[in-house]
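Student: I would like to go through this model and ask what the labels rest on.
Tutor: Go ahead; the structure comes first.

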Amino acid sequence: MKKFFNNIKKYFKYAIRSAKAELKSEVADSYLNWLWWVIEPLSFMLIYSLIFGTIMKRGGDEFKIFVLLGLTIWEFFNRMITGSVKLIIDNRDLVTKVYLPKYILLLSKSFTYLFKMAISFCICLLMMLVTGVEFNIYMLFIIPIVIIAYILAFGIGMILMHFGVTLNDLANLTTIGLKMLFYLSGVFYNIKDTFGNRAIFGKKIIDDILLYGNPIAFCMQQTRDVTLSNMFPNFMFLGIWGLVGILLCMIGIHLIHKNENSYAKVI
Amino acid sequence: MEKEIAITVKDLHVTYRGLKKTSIRASWTKLNKRIELYHALKGVSFEVEKGKILGIIGKNGAGKSTMLRSIAGIFSPDKGSINLHGNTISLLSIGVGFNKKLTGYENIYLSGMLLGFSEDEIKAKEQDIINFADIGEFIYKPVKTYSSGMYSKLAFAITAILETDIMLIDEVLSVGDAKFKEKSYNKMKELISDENRTVLIVSHSLETIRNLCNEVLWLNEGELMAIGPADEILPKYQEYMDNL
């Protein structure tokens, strides 16, 4: 563990610089430049709220914010997971030429995703301003929720990154898994409303499983609760998922420390 | 006077696993099959004194590059150990971590930090690198607009100016046009002949090895054939190669 923190400290500046470099190069050639970072989440939000709001007649302005918050959290997880699977292979040049702790690659990537998430949250705030949805003090709880989401995603990312080196078809599997998760996580619907009044085994279990058993759905729900419903987050489950996240990170760090020097032989 | 040792390599084994990369289906069907192993290095031991220039020779596939990469810490040895006695080390490789859409200037930092230097250290040598690369205004243009010569000039400048105690060089002695070739060769010579620097060079050019190195290590099929003064080993090696 100590090695991990020393490495993070040592390579932190590199990770930041390389994240900036990547963001810059992402938009370097495009006509609209950095505007894409704003246009992308906005247009996704418009598409979903058009389909589910206008065509299927659900909610008003609040629904748009509801969708956008969901997308913000979803996209972060989605990017982290998709990005980590092929990370080592995509950085073949680097991995075979210099030594660098491999999670630094993920760290650097995650900074770019955090940046995009921050933009997405800013758009939410703007939308709330424009549409007159009230701000409240509970919104500050978004910060611990995001931290826990980050720890979880980083842990999952490291583990996927490790297996992505040797398992060729892991990328295909995660694509399918993510598709399923996308629909299960309630990006554009409320898990409670949809499944909540359907009793199975005489109890309303399904929504609980979907909500609390899926960290993505959980983080999403919590973000919406504190923003739109003026509620305290569910501290107990936040704590549990935080611990799970730390555990996953420890497994990931262990896997990578043990194997990282062999990656160059395989790819 | 006791000689200071810069690198100690003990009984180094490196093995490539032929089937390590696998698909999920393959891991089911081939679970019990014997994994094909390729032994790149089979128990090599040697020591290099500080300030020495060691040339590594051997035919293709003898394990030369594998050894350099192990010493650089990119591979982990399957058996044996490598002790660098606290020296900083870099494998001189061209254009590591370059992002082609960004300017050469930004890439100096990216590449330099990747080689383990701090921002301040690079800042201090930034001008030297730019001067040495000698590509004019192009330093502030995206690397993808470079000609391949300019690319290697910049990449060479970065690795040559940011120096470490131990340098590992894998066949990259000459890049760019004739003029730059001479310049880089001289720079290389200057770097190499620094008394405090230990250098390991892999090359197929016996000429280069003869000119630059005072000791030679001969690898064959992953095993150490001989190590000793250059003028002793090189004729033997030449004879061996001629008889193949």
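This is a predicted model: local features need pLDDT of at least 70, side-chain atom pairs count only at pLDDT 80 or more; totals for chains, interfaces and linings use all residues.

Student: How do you know that the length of helix α1 of chain A agrees with its number of residues?
Tutor: The helix holds 26 residues, 2-27, so at 1.5 Å a residue the span should be 38 Å. The end C-alpha atoms lie 37 Å apart, which agrees.

Student: Where does α1(A) bend?
Tutor: At Tyr11(A), by about 55°.

Student: What makes the phi of Asp11(B) worth a remark?
Tutor: The value is near 45°, which is positive, and the residue is not glycine. Asp11(B) sits in strand β1 (residues 5-17) of chain B.

Student: Why is Asp11(B) called partly exposed?
Tutor: Asp11(B) has 13 C-beta neighbours inside 10 Å. Exposed requires 12 or fewer and buried 20 or more, so a count in between is partly exposed.

Student: Which phi does Asp134(B) have, and where does the residue lie?
Tutor: Its phi is positive, about 55°, although Asp134(B) is not a glycine. Asp134(B) belongs to the loop between α4 (119-133) and α5 (148-161) of chain B.

Student: Why does Asp134(B) count as partly exposed?
Tutor: Because 16 other C-beta atoms lie within 10 Å of Asp134(B), and buried would need 20 or more.

Key. Residues are numbered from 1 along each chain as its sequence is written. Chains are lettered from A and ligands numbered from 1 in the order in which they are written. Helices (H or I, at least four residues) and strands (E, at least two) are DSSP runs, numbered from the N terminus. The expected span of a helix is 1.5 Å times one less than its number of residues. The bend at a residue is the angle between axes fitted to the seven residues ending there and the seven starting there.
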